Amino acid sequence: MTLAFADPYTDSIAADLQLRPQQVAAVLELLADGATLPFIARYRKERTGSLDEVAIAAVRDAHASRDALEKRRAAIVASLSERELYVDDLKAAIDSAISLRQLEDLYLPHRPKRRTRASVARERGLEPLARQLLHEGAAEQVAAAFVAAGSAVPSVAEALAGARDIIAEWVSEDAPTRAALRELFAAKACLTSSVVADQAAQAQKFSDYFDWSEKAATVPSHRLLAILRGENEGCLKVGLRPEADEALALLQRRFIRRQHSVEQLRLALEDSYRRLLAPAMETELRNQLKQKADSEAIRVFRANLRELLMAAPLGQKAILAIDPGFRTGCKLVCLDPQGKLLHHAVIYPTLGERAAAEAGQLLQELVRRHAIEAIAIGNGTASRETEAFVRRCGLQPQPIIVQVSESGASIYSASEIARQEFPDLDLTVRGAISIGRRLADPLAELVKLDPGSIGVGQYQHDVDQAALKAALDDTVASCVNSVGVELNTASAALLAYVSGLGPQLARNIVAHRDAEGPFGSKAELKKVKRLGPKAFEQAAGFLRIRTAADPLDRSAVHPERFALVRRICRDHHTCVTELMTSAEKRQAIDLRPYCDDEVGLPTLTDILAELARPGRDPRQQFEVFAFAEGIEKISDVQVGMRLPGIVTNVTNFGAFIDIGVHQDGLAHISQLADSFVADPATVVKVGQRVQALVIALDVPRKRISLSLRSAPAAANADRAAPAARRRG
């Protein structure tokens with residue numbers, strides 16, 4: 001079968017990812033045409049063979065990797081050609097190289113260099129001596145011929161030293177040797193760390209690694225990142241090498257052919273390893289392990305972020321939100337069901353009986369005046385005390401009371417987005433508004449933050465920041481588009497993540513909405529400034545208009561399929577509304593007659609599924625959660641208590657759990673389940689409600705060790721959890 005889209009990497013990507021070439025070609029063509037991952041995955045299933053976003057992203061990333069390889073190959077060829085070094089043997093090797101590492105190894109001997117010890121020796125005419133030493137094992141008697149009165153080489157010792165420098169460089173630039181040594185480092189290198197001599201007092205948080213050694217190939221990603229952080233902070237000295245004797249033996253097997261007169265060659269090999277090869281291989285391995293650790297940390301961050309963004313929304317309710325505090329008081333705001341600010345004030349419930357009474361009266365008045373259905377309390381300082389106060393007030397009608405994470409709220413308050421939304425409000429009021437809106441719709445509010453500030457990753461500041469940002473942006477976009485966006489109420493920050501839009505078009509949509517009023521149909525989007533056919537195609541399916549006259553505009557059915565749905569309705573003597581409400585009508589439809597070259601059963605099945613539950617939010621139903629009463633500070637906690645908690649972060653070494661005392665506890669990976677757990681993410685998720693048993697407590701250091709096991713191994717946890725916490 002001839003591929004419709006020709007790309008030189010199609011076949012190799014298909015082989016690597018175990019996909020059909022037609023699938024890869026379709027994805028690459030759609031990406032080249034400006035399609036987004038969510039759009040391709042949802043609305044172009046026939047073309048891709050129903051690939052999901054993960055597979056489509058893998059194709060995209062594999063193509064980018066190959067493109068980078070080819071660009072580097074072209075740059076190397078240009079450099080070699082310019083210097084007339086692109087000869088037949090080298091040309092064949094470079095043309096057949098399949099990795100950047102291979103390319104760089106081949107290019108290394110020909111790379112323009114700064115002045116080196118070997119180049120100085122060559123200038124002194126010692127290259128012939130180096131060749132004799134390397135190939136014939138010659139020694140002092142041969143070297144003497146290179147020493148003459150008034151020459152650049154005044155002694156036999158200097159002649160031999162220069163020749164060894166040349167050999168050392170040759171050996172270090174030999175591609176097969178580098179490949180063999182690279183394999184040795186990958187298999188046998190040990191990660192070692194020790195405390196920097198004069199930093200012991202300042203480096204106590206890295207004390208576990210003051211005398212550390214383990215096999216580099218199996219080091220967990222979080223431990224590697226912790227050790228590298230210690231090195232970056234000047235606290236630890238880190239090494240990544242195999243036993244030197246084993247590496248030198250490898251070089252000797254490759255280069256020593258004779259048993260006589262080989263001492264100079266042995267010295268050259270040892271110098272090549274210690275001065276050139278070992279540092280280079282160590283740097284390569286370090287970068288490789290760091291990249292692997294970064295990928296794992298980013299994977300964990302993405303999974304946690306997805307769970308947080310997809311947390312159950314309370315929905316459109318009148319909310320009173322409180323940003324708690326002691327001395328500075330509690331900032332409170334009242335929001336209508338659409339999140340619009342109605343009122344803001346400050347109360348001081350902890351500053352004496354009179355202040356508490358006034359605060360209670362105001363709360364009761366606001367609850368009645370604005371028909372408040374829920375109270376959101378930030379989980380920072382004074383949160384449990386504020387919650388206890390609100391519960392004592394006996395508010396009527398009684399709203400639900402929910403603790404809401406404040407993570408990143410202060411960053412939002414000072415952001416440009418917050419200033420644009422509330423230019424005349426104090427930062428603390430903005431923070432309270434954000435807390436209330438997070439309860440109503442976590443996704444819509446959290447997209448206003450840099451994902452890295454939300455605090456659900458591990459070592460997020462130590463990983464490759466560009467890779468982290470790209471991955472998190474993908475995750476946010478995936479979540480936004482899977483939920484869908486209400487066109488007439490969404491903020492510009494939320495609209496910016498809709499497939500095909502971006503910040504500028506999002507602002508244009510809001511400006512159009514403000515000037516012309518609410519959108520009555522998706523087709524009206526075409527009137528928005530600079531929103532062309534391509535952007536409309538990409539975005540329309542992910543937008544909703546709850547008040548639209550056409551029920552299809554309220555759904556995730558793409559406008560390009562509206563005519564098809566109406567045709568189905570005509571053929572079956574029904575209407576769209578009836579099709580949405582009648583399971584019997586939907587079940588009576590045979591989809592096969594409606595298949596053609598563009599629309600197949602996957603799309604038709606999706607359309608019927610959407611008609612069955614138009615615009616339905618895929619997130620779970622909201623459930624009220626409450627911490628244990630009377631457990632408000634770490635001093636209230638006792639070993640043996642089983643307490644309700646919320647998972648706030650999942651790492652490779654365990655899960656952090658909020659039990660309502662302003663200090664998260666840690667359930668080490670060994671305490672997450674009764675059976676062996678290889679990956680914590682398989683048993684716990686961010687936002688999950690759990691019952692956690694307190695198995696160890698260190699009040700002075702604010703450390704709480706928890707267990708989710710039915711019969712925890714407390715003795716083991718006492719040892720493992722504190723160490724894991726430090727390593728995390």
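Residues are numbered from 1 along each chain as its sequence is written, and side-chain values use heavy atoms, with hydrogens and water left out. In this predicted model, local features need pLDDT of at least 70 and side-chain atom pairs count only at pLDDT 80 or more, while totals for chains, interfaces and linings use all residues.

Helices (H or I, at least four residues) and strands (E, at least two) are DSSP runs, numbered from the N terminus. Helix α1 spans residues 10-17, and its buried residues are Thr10, Ile13 and Ala14. Here buried means under 20% relative accessible area, exposed over 50%, and partly exposed in between (1.4 Å probe, protein chains only). Seen down the axis of α1, the buried residues fall within an arc of 100°, so they line one face of the helix. The arc is that of the directions from the helix axis to the C-beta atoms. Asp11, Ala15 and Asp16 are exposed on the face turned away from the buried side. The buried residues of α1 pack against α2 (21-32) and α5 (53-82), where contact means heavy atoms within 4.5 Å. Gln18 follows α1 and has a positive phi, near 55°.

An open sheet of 3 strands is ordered β2-β1-β3, with antiparallel pairing. Its edge strands, β2 (211-215) and β3 (236-241), each pair on one side only. Two strands pair if DSSP finds at least two bridges between them. The twist averages 10° from one strand to the next. Strand β1 (residues 190-195) is joined to β3 by 6 bridges, and the two run antiparallel. Ser194 has Lys237 in β3 as its bridge partner. Helix α13 (residues 221-232) lies across β1, β2 and β3, at about 130° to β3. Axes are lines fitted to C-alpha atoms, for helices over the stretch in contact, and angles run from 0 to 180 degrees between N-to-C directions.

Leu309 belongs to helix α15 (residues 263-309). Leu309 is buried, with a relative accessible area of 1%. Not counting residues up to four places away in sequence, Leu309 touches Leu443, Leu446, Val476, Cys479 and Arg619.

A disulfide is a pair of cysteine sulfur atoms within 2.5 Å. The count by this rule is 0 disulfides. For Cys334, the nearest cysteine sulfur is that of Cys393, 14 Å away. Cys334 is buried, with a relative accessible area of 0%. The sulfur of Cys393 lies 11 Å from the closest cysteine sulfur, in Cys330, too far for a bond. Cys393 is partly exposed, at 24% relative accessible area.
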